[in-house]
Amino acid sequence: MTAGQITATQPVPEAPEQAAQPFGPKPRRISPGRIGLYVFLVVAALFFLIPVYIMIVTSLKGMPEIRLGHLFNLPGEPTFQPWVDAWLHACTGRDCNGLSPGFYNSVKITLPSVVISIICASINGYALTFWPYKGANLLFGLLVFGAFVPYQVVIYPLIIGLSSVGLFASLPGIIIVHTIFGMPILTLLFRNFYAAIPVELFKAARVDGAGFWRIFFYIMLPMSVPITVVAVILQVTGIWNDFLFGVVFAGRPNWPMTVQLNNIVNTTTGVREYNVNMAATILTAAVPLIIYFVSGRWFVRGIAAGAVKG
Amino acid sequence: MAQNGTSVSIQDLSLSFGAVSVLHTLNLDVAEGEFIVLLGPSGCGKSTLLNCIAGLLDISEGRILIKGKNVTWEEPKDRGIGMVFQSYALYPQMTVEKNLSFGLRVAGLPKDEIAKRIARAAEILQIEPLLQRKPAALSGGQRQRVAIGRALVRDVDVFLFDEPLSNLDAKLRSELRVEIKLLHRKLENTMIYVTHDQIEAMTLADRIAVMKGGVIQQLDAPQTIYNRPVNRFVAGFLGSPAMNFLDGRLEQDKGAWHFVVEDVRIPLATYAFEKEPVPGPAVFGMRPEHVAFNSGAGWPFTATANVEVVEPMGSDTLVWLKLGKQNFTVRVTSERTPKNADAVSIGFDPMRASLFDAQTGNRL
């Protein structure tokens, strides 16, 4: 290649190059990777939805139809009798009162546990953020460490402790247990949320003469709605779905819905009533599901708010 | 201890966080009705000092008197202070009116008294139409007005401002600066104002305290600080464009003192020495606006040089030259802007210069 040849090929036509240059909105292309991604997502969704579908369909069938064995078929003669049975007549051992007592027990356990644990955790987080005292960081470290302790390890000591004060196998006992075990994660949540609030707000309130409680109730708490929603969702879901603590600490008369469900499903007197079992399971799972669907939007927002800083 | 007319008195105040010492035996007396500006770069301890005065930080040593009363161990609310923060710190869930009245409600004042004070503050700051709005619905300037109002309704002796204008854009900043000055004239309260902005300091202050490393370097009227800085740090920190510094030597020649940079000899006959000069290395400081440009002879010192860089700044132009192989800037009105590489003459009177010790940086 000589110098002359290079100069000969040098002049490039101006116009075509201009036309090929990017201009305006970037064209959207569907790449194979994208298609693969969507296929995977659909398959994953089906994987989780098919059991739900079977549960719903089965719960609406009568026993003769179930015995035919067509798992995926829609119910020929839809009936709500299994749901009524699950709620009112299903047998756990000798009692045949259905799930409803368990539902009310779960409410009695969940409501106070959620309220108490969130009140304690928000005060904890507030104090740790704005009123640092000697050893505050150590305490916070211990609390966070608590989040990693496996539950099973502390069950026996807790039984001994609670029975020594006469609270074992009682409603207050199970509420205390849930409150304690909610504390690490909830305190972490609230502390991180408050840490993202400008400290000048707190200083301004101090100059205005507000004390510990007034700053908390008048300024911090009204700002804490998003993180409180997150905490409520976490706690309601966690406590409602709990089986282990319920069966150990609540005592037979206070057994929560999950324990009752287990007993219904495992009680076999003659025929195994799949439709009733399915209906009972859906009923038990309904509460956390509803909470999540109602406040899911808040959940994401609150998690993001707490995640900015901490 | 506090004499009549002293509003805030800080005596031997020290503060350290663990091993880190932030303020060192600091003394400051603020007269009643005085506007004091604490000026310094980030981390110089100026905001920390303000927080100590407010009672938001516990001090390690010393004491603080406000209106002759020892408030060292008092709560912020009992010190007779109001504070305005950089980030406004308005309570987001309350309306402007509730924001203003919060402190008064905490103090348990009667309703009609609260209403009266809010009406007065709202009138002074012209925020009456905003009273029922939430802070989120206000602009930055309006928010800062409300924040000032919150200090105003407390009816206090001392106002503390912690960089109140730093979050605003340039135009609003200059507007609110004037408003704060007018407010001070109207109320005649003592005001202590923290900023890193030298323009705010120069325009607002009765006296400026220039701080560095937890120590007040110089406490004086703005013009004095500008014209006669006590050390090289103060000289370099104030003024934009910054003061020219030439590294050279002090020499005595037949009884007359000269400052010598390479082949340039600056006669110092008109310079007022702080103390008896001694020959040796020194730093010569001259503000770019105190240098005459192409104005002929008649100056105690004149020189010619070639223009290296021209920086037009709108109202005037900064011209970079070399004087004795060191950078030297001259401020020129924009009509007289020279071109690059032009040969120009400069002249100045060493009376307006500042000489500093090369080692300690103190004024000579």
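Predicted model: local features only at pLDDT ≥ 70, side-chain atom pairs only at ≥ 80, totals over all residues.

Author: Two residues are taken to be in contact if their C-beta atoms, placed from the backbone, lie within 7 Å. On that basis, 66% of the contacts in chain B with a separation of 6 or more join residues 24 or more positions apart.

In its overall build, chain B holds eight helices and 21 strands. Its C-alpha atoms fill a box of roughly 80 × 45 × 35 Å along the principal axes. Of the 364 residues in chain B, 39% are buried.

Chain B is divided into domain 1, covering 6-237, and domain 2, covering 244-357. Their C-alpha centres lie 39 Å apart. Where these two domains of chain B touch, each contributes four residues. On the side of domain 1 of chain B, the residues in this contact are two nonpolar, one polar and one charged.

Chain B also touches chain A, in a contact that takes 17 residues from chain B and 14 residues from chain A. On the side of chain A, the elements that give two or more residues are helix H10 (199-207) and helix H11 (212-223). H10(A) supplies the largest share of that side, with six residues. By class, the side of chain A that touches chain B comprises eight nonpolar, one polar and five charged residues.

Technical notes
Residues numbered from 1 in each chain as written. Chains lettered and ligands numbered in written order. Domains from an automatic or database assignment. Nonpolar A, V, L, I, M, F, W, Y, C, P; charged D, E, K, R; others polar. Helix = DSSP H or I, 4+ residues; strand = E, 2+ residues; numbered from the N terminus. Buried ≥ 20, exposed ≤ 12 C-beta atoms within 10 Å, placed from the backbone.
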